[in-house]
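Dear colleague,

I am handing over the structure we spoke about, and below it you will find notes on what turned up in it. Please read them with the coordinates open beside you.

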Amino acid sequence: MAARVEAVTRRPAVKRQAWKDLEVHFKKIKELHLRQLFAEDPKRGQRLSSEAVGLFLDYSKNRITDQTLKLLIQLAEESRLRERIDAMFRGDKINLTEKRAVLHTALRAPRNASIEVDGRNVVPEVHAVLDRMADFASRVRSGEWKGYTGKRIRNVINVGIGGSDLGPVMTYEALKYYTDRAMTFRFVSNVDGTDFAEAVRDLDPSETLFIISSKTFTTLETMTNAQTARAWSLAGFGNDEKSVAKHFVAVSTNAAEVTKFGIDTANMFEFWDWVGGRYSMSSAIGLSTIVAVGPDNFRAMLNGMHEMDEHFRTAPFERNLPVLMGLLALWYNDFFGAQTVAVLPYEQYLKRFPAYLQQLTMESNGKHVTLDGKRVSRDTAPIYWGEPGTNGQHSFYQLIHQGTRLIPCDFIAFAQSLNPVGRHHDILIANVCAQTEALAFGKTPEQVKAEGTPDWLVPHRVFEGNRPSNTILAQRLTPETLGKLVTLYEHSVFTQGAIWNIDSFDQWGVELGKVLAQRIIPEVESKAEPKLAHDSSTNSLITYYRKMKETA
């Protein structure tokens, strides 16, 4: 099957007929304004929208015509996107550079599903781990699991980095409404000692449980923090090594290192090499999540993910939400030259969602070569960023509305608030509608003058409009809905990567800095003056740091 996948990806995107047709089409419509598009089609807002699995996507405020959509979908078909989707769900090793399957979809498959990797159905293994996670979470939440002195656990600290941190942090914040408020949850990722110090400053070791999340149990930042956590915890128990097993559990596959650390392997929760870190929040990496929200809510999140998986796998491209969003992102990135996408959740609980998407999108598609090792001919991976509304409106929206850069926006909103307070939610949603309207249609010089604005001030108060946006609406932020949103973006990323003909599932770009850091660490720690063999800038920085450290 690997040979078939490779064959699918040989033709560069720019040589596909649909791409050439899109280039011609773009020249014809690039100046077309959304004001004109809506004036010519009074029902555009209803036509260019789609609803599936409880999410409503309004993509009518995009700089596209029916012909644009037709050509984008043709591009997806010529890129054999459907075959790539089928290959992923089958368990083919589509991560070619690491020769691995890509099966985060198996993490939320139902018990009766069959998904094979190397001839073995992995679904029973997935559910065995989920069952162990649920049992562990119930014991901690109920107080059955007790610390070394017999006290119940009231504090849980997840120690990880990258996907072992961003997913759990985002999910915890997003589902905070559903968490056990009698417990405290914190997250340590940065090797900067401040991160750990602030996390434990007001905690009692006898009531604190650490979850160490590292597949190999060798990740530099995670294990540095883990050893510091171990020392901090031991100090609370007179350095009794037996206490470690009661206050540390592991999410890992390295039983030897876990045992060496002092953790009982009965409390080691595994995941698999076919789960990439940035796709792992529904695996055992979600251990802190299941403790925080409980097994039922965790499984509801998985069910939501599975629903979106099935929609992506089966829906026609013209009604397929992840495909539509992926194609629109590619349209702006590669034809309009837009370099960023703003994700703007009008829901305070989703404040960490843009940060989560940064890893998902940019680590996945931040690639400069195709699957066959040739340099890409188009830009890949726009920069994702954002903040919750309405905060961002009083910050960076000025740039989006009147700046010189085109910044496509994704607005995310919910019909019902989890915390209804007076008029707050109606005002919040009114702002969503107002912002997308203002971005699309702007305000002309004539409209500004009609308000009695002095001529000299008119240019400053003109809004050009024609700034594109998607709006995603759901009923309310539930665990199930969060699962659907996360998976929507996962598969949008997949769609773009398939068309760019890149490997969206490796991350070699994070390796070089790690290797060099291991070389430099002994040089900055050495008591004796080290012999440095870097470039002159790096040598100078190391030397200057050592001098400053000595005089502190």
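Val53 counts as partly exposed, because its relative accessibility is 22% and the buried class ends at under 20%. The residue sits in the loop that links β1 (49–52) to β2 (55–58), and its phi is near 40 degrees, a positive value in a residue other than glycine. Please bear in mind that this is a predicted model, and that every value here is computed from it. A positive phi also occurs at Ala381, where the angle is near 55 degrees; this residue belongs to the loop between α16 (353–365) and β11, and with a relative accessible area of 15% Ala381 is buried.

Another point of backbone geometry is the peptide bond that joins Gly389 and Thr390, which is cis with an omega of about 10 degrees. Thr390 lies in the loop running between β11 (383–385) and α17 (397–402). As background, most peptide bonds are trans, and most residues other than glycine have a negative phi.

Helix packing is the last topic, and helix α2 (residues 17–29) is the one to follow. Its axis and that of helix α5 (residues 66–78) come within 9 Å and cross at roughly 160 degrees, so α2 and α5 are roughly antiparallel to each other, and their crossing is left-handed. Among the residues that meet there are Trp19, Leu22 and Ile29 in α2, and Leu71, Leu72 and Leu75 in α5. By class, this contact of α2 with α5 is made up of seven nonpolar, five polar and two charged residues.

With α15, by contrast, the axis of α2 crosses at roughly 75 degrees, the two axes coming within 11 Å, and α2 and α15 are therefore roughly perpendicular to each other. On the α2 side the contact includes Trp19, Phe26 and Ile29, and on the α15 side Leu330, Trp331 and Phe335. The residues of this contact of α2 with α15 divide into eight nonpolar, one polar and two charged.

Conventions: Residues are numbered from 1 along each chain as its sequence is written. This is a predicted model: local features need pLDDT of at least 70, side-chain atom pairs count only at pLDDT 80 or more; totals for chains, interfaces and linings use all residues. Side-chain values use heavy atoms; hydrogens and water are left out. Axes are lines fitted to C-alpha atoms, for helices over the stretch in contact, and angles run from 0 to 180 degrees between N-to-C directions. Helices (H or I, at least four residues) and strands (E, at least two) are DSSP runs, numbered from the N terminus. Angles under 35 degrees count as roughly parallel, over 145 as roughly antiparallel, 65 to 115 as roughly perpendicular and the rest as oblique. A crossing is left-handed if the near helix is turned anticlockwise from the far one by less than a right angle, and right-handed if clockwise. Contact means heavy atoms within 4.5 Å. Ala, Val, Leu, Ile, Met, Phe, Trp, Tyr, Cys and Pro count as nonpolar, Asp, Glu, Lys and Arg as charged, and the others, Gly among them, as polar. Buried means under 20% relative accessible area, exposed over 50%, partly exposed in between (1.4 Å probe, protein chains only).
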